[in-house]
Amino acid sequence: MKMTKNILGLFVCILGLISCTGTKDKDESQLTARYELAKEGAWCWFADPRAIHYENRKGTINKTYIGYIDTHGNIKASQYDFKTGETQEVMVRSWFQPDDHDNPTFLVLPDERVMILYSRHTDEPCFYYRVSEKPGDIKDLGPEFKIPTQRNTTYPSPFILSDDPDHFYLCWRGISWHPTIAKLSLPDEEGKVEMVWGPNQIVQSTASRPYAKYASNGKDKIYMAYTTGHPDPTMPNYLYLNYIDIHSMELKDVTGEVISKVGEELHHVAATQEYKQHHANAVVDDTGLRDWLWQVAIDRNEKPVIAMVRINEDKSSHDYYYARWTGSGWQKTFLTNAGGHFHQSADIEKCYSAGMAVDDQNTNEVYCSVPVSGKYGTVYELVKYTMDEQGELSRTDTLTKDSELNNVRPYIVPNRKKSPLKLTWMYGNYYDWIVSKERPMGFSTAIYTDYKLKREVADLDAGLTHEEANPVKGIKNRRFYLPEPNEFSIFLDLELDTVASGGVLLSLANLTYGVDAETLKPYIQLGDQTYKSNNVLGNSDRWQEEPRSTNGAWYAPVKYTSVLLTVVYHNGELTTYVNGLVDQVVSLKDFKSPEFELGALAREMTLCKIYNRPLNYTEISLLAGE
């Protein structure tokens, strides 16, 4: 009897193992570790790449760059160096429109400088961009430039193709709120570009706002998957795919059949069976429901795959699908139901699914955010769905479990090669895509990754030569002595003069660090040379008091009443960090200063720390309260 029970127990265990490894059962052995990259950050899913990995053949650069925007209107980017283990978080642009559509995108140039592009959401006819001064290093960004577009812009997606290495192509939502493309010169030594061709509208839909995602084969084609319109007012809302041949600038379907000549004739699309009869291979999905899309990618055989969602008539139920071109037709595979809209506001954006992402290196793998019942109730968790060679669902892996808050809008870092940092996503509560008095908390999420960034060793006592805590008033012209040798770090927690718009914060020998009264931007002045910051010493919190709108207004910045300022001099470079983020990097060879003094703009000092060495970013983050 005992042996019979043992055999029965073994049989049950075997059945359990078979069940756990079955083709469509969830496997929790693949749980993904979660690590916070940034406490405040978000993105929309139509401006890409919002993150990118770059390794060069010489082995001198091996970095991942991730961009996002926070509810204070700060456009930020983090870079992680796999060679040194160093992380830097950079303020790309402060005091911007606090709207998650404005997240930055990246382009690594042939000379290995990194270009960062961003724009306001719909209400301004230009893109902004900055180019790194050094190869592969966004810590030191050049000045901000504009690309005029004549029409309002959203969602920059840049490409460099090997058949045209002297230009880059920029796709966005522009002319008539439709997919738009232009060819531009590569940034020159100063970072300036010129519009060489375009901008030109690519297609014209019967609906008012088609939504497009782009991908390239890296050589001569830019693929574009797009919808008839926004799914909220548009039903039926079809899904289409074309590509642009950059040699002829012809718009073609997936088989190569020419549809139109971009810039000369405008191709008209419609969600009708008549249109499908004329362009059968261009229509990915002709559902009678509300299609939307999350990503288009190109597999190793240069066939497109698409992460898409079908939304029902009343917008209460979202279904995730994987679509692929088989060579003869479009195959759609149902993955899972995604519930309804993921966010905390019940009366807006009911077509906002929690998100999907295709792995560009393994295009049969799709990462989805789905509602799961767990320890904290129903929370959106990340699940990986794997398709077999026939395009059928073969495996489902649970990646996150028992999360307290939602894990949404996943993104696979492209071009990562062997990088262990693969997946990044938003974590937290989300109330709206824009900050306003209606929903002032906006997109209150953090940025997470699946890889624990190695932090530098932090020892805030090592090299400390001076420390003063507690409020110190009457500090104007107060002198502080710097150590020898002449490498140093200064950390200051300062209350600012709220009456004065600008003035001097501190002086070191013949160098002055201050704030321009007219622009509120910090500056470094050395003799006759002035180095201006791109960022104001303030934020966009005034949007919290304004109506919900993309009206083109630039509301006055909310001036900081206090600031955490870190100044580091190392290897001939002076770097300033404002509230823990890199702001300015200035080359100052053989700079020496035995002391510094605080200026009139500093009303009160809460903390001062002086070191005889350069602080690393981990230490600066700790001092800034990260």
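The exercises below, each with a worked solution, concern a predicted model.

**Exercise 1. The aromatic cluster**

Determine which kind of aromatic pair phenylalanine 46 and tyrosine 211 form, and which parts of the chain the pair ties together.

Solution. Begin with the setting, which is a structure that holds 34 aromatic pairs. In the pair of phenylalanine 46 and tyrosine 211, the ring centres are 5.1 Å apart and the planes make an angle of 55°. Planes under 30 degrees apart would count as stacked and planes over 60 as edge-to-face, so this pair is classed as tilted. Next, locate the two partners: phenylalanine 46 lies in the loop between strand S2 (35-38) and strand S3 (51-55), while tyrosine 211 lies in the loop between strand S16 (203-205) and strand S17 (212-216), and the pair therefore ties together parts that are 165 residues apart in sequence.

Now take the pair of tyrosine 211 and tryptophan 292, and work out its class from the angle between the planes.

Solution. The centres of these two rings are 5.3 Å apart and their planes stand at 85°; because an angle over 60 degrees counts as edge-to-face, the pair belongs to that class. Tryptophan 292 sits in strand S24 (residues 290-298), and this pair links parts of the chain that are 81 residues apart. Tryptophan 292 has a relative accessibility of 2%, and it counts as buried. To complete the picture, Phe46, Tyr211 and Trp292 belong to one aromatic cluster, whose members also include Trp45 and Tyr352.

**Exercise 2. Tryptophan 292 and the nonpolar cores**

State how many residues the largest nonpolar core has, and name residues with the most contacts inside it.

Solution. The largest nonpolar core has 107 residues, and among those with the most contacts inside it are Trp292, Ile116, Leu241 and Tyr320. Apart from this core lies another, of 34 residues, which includes Leu506 and Phe596. The surroundings of tryptophan 292 can then be listed: leaving aside residues up to four places away in sequence, tryptophan 292 touches, among others, Phe46, Tyr211, Met308, Val309 and Cys351. As a general background, nonpolar side chains in soluble globular proteins tend to be buried together.

**Exercise 3. A buried charge**

Find out which side chain makes a polar contact with the side chain of aspartate 99, and which side chain of opposite charge is nearest.

Solution. First place the residue: aspartate 99 is found in the loop between strand S6 (87-93) and strand S7 (105-108). Then look for a charged partner: the nearest side chain of opposite charge is that of arginine 120, at 8.1 Å, and because a salt bridge requires a distance within 4 Å, buried aspartate 99 has none. The polar contact is instead with the side chain of histidine 121, at 2.8 Å. Other residues that aspartate 99 touches include Ile69, Trp433 and Thr550.

**Exercise 4. Backbone angles**

Decide whether lysine 315 and arginine 409 are buried or exposed, and state what phi is in each.

Solution. Lysine 315 is in the loop between strand S25 (304-311) and strand S26 (318-325), and its phi is near 70°, a positive value in a residue other than glycine. Its relative accessible area is 19%, and because the limit for a buried residue is under 20%, lysine 315 is buried. Arginine 409, in strand S32 (residues 407-412), has a positive phi near 50°, and at 0% relative accessibility arginine 409 counts as buried.

Key. Residues numbered from 1 in each chain as written. Predicted model: local features only at pLDDT ≥ 70, side-chain atom pairs only at ≥ 80, totals over all residues. Heavy atoms only, no water. Helix = DSSP H or I, 4+ residues; strand = E, 2+ residues; numbered from the N terminus. Buried < 20%, exposed > 50% of the residue type's maximum accessible area, 1.4 Å probe, protein only. Core = buried A, V, L, I, M, F, W, Y, C linked by side-chain atoms within 4.5 Å. Contact = heavy atoms within 4.5 Å. Lys, Arg positive; Asp, Glu negative; His and termini not counted. Polar contact = N/O pair within 3.5 Å; in protein donor to acceptor, adjacent residues only side chain to side chain. Phe/Tyr/Trp six-rings, centres within 6.5 Å; stacked < 30°, edge-to-face > 60°.
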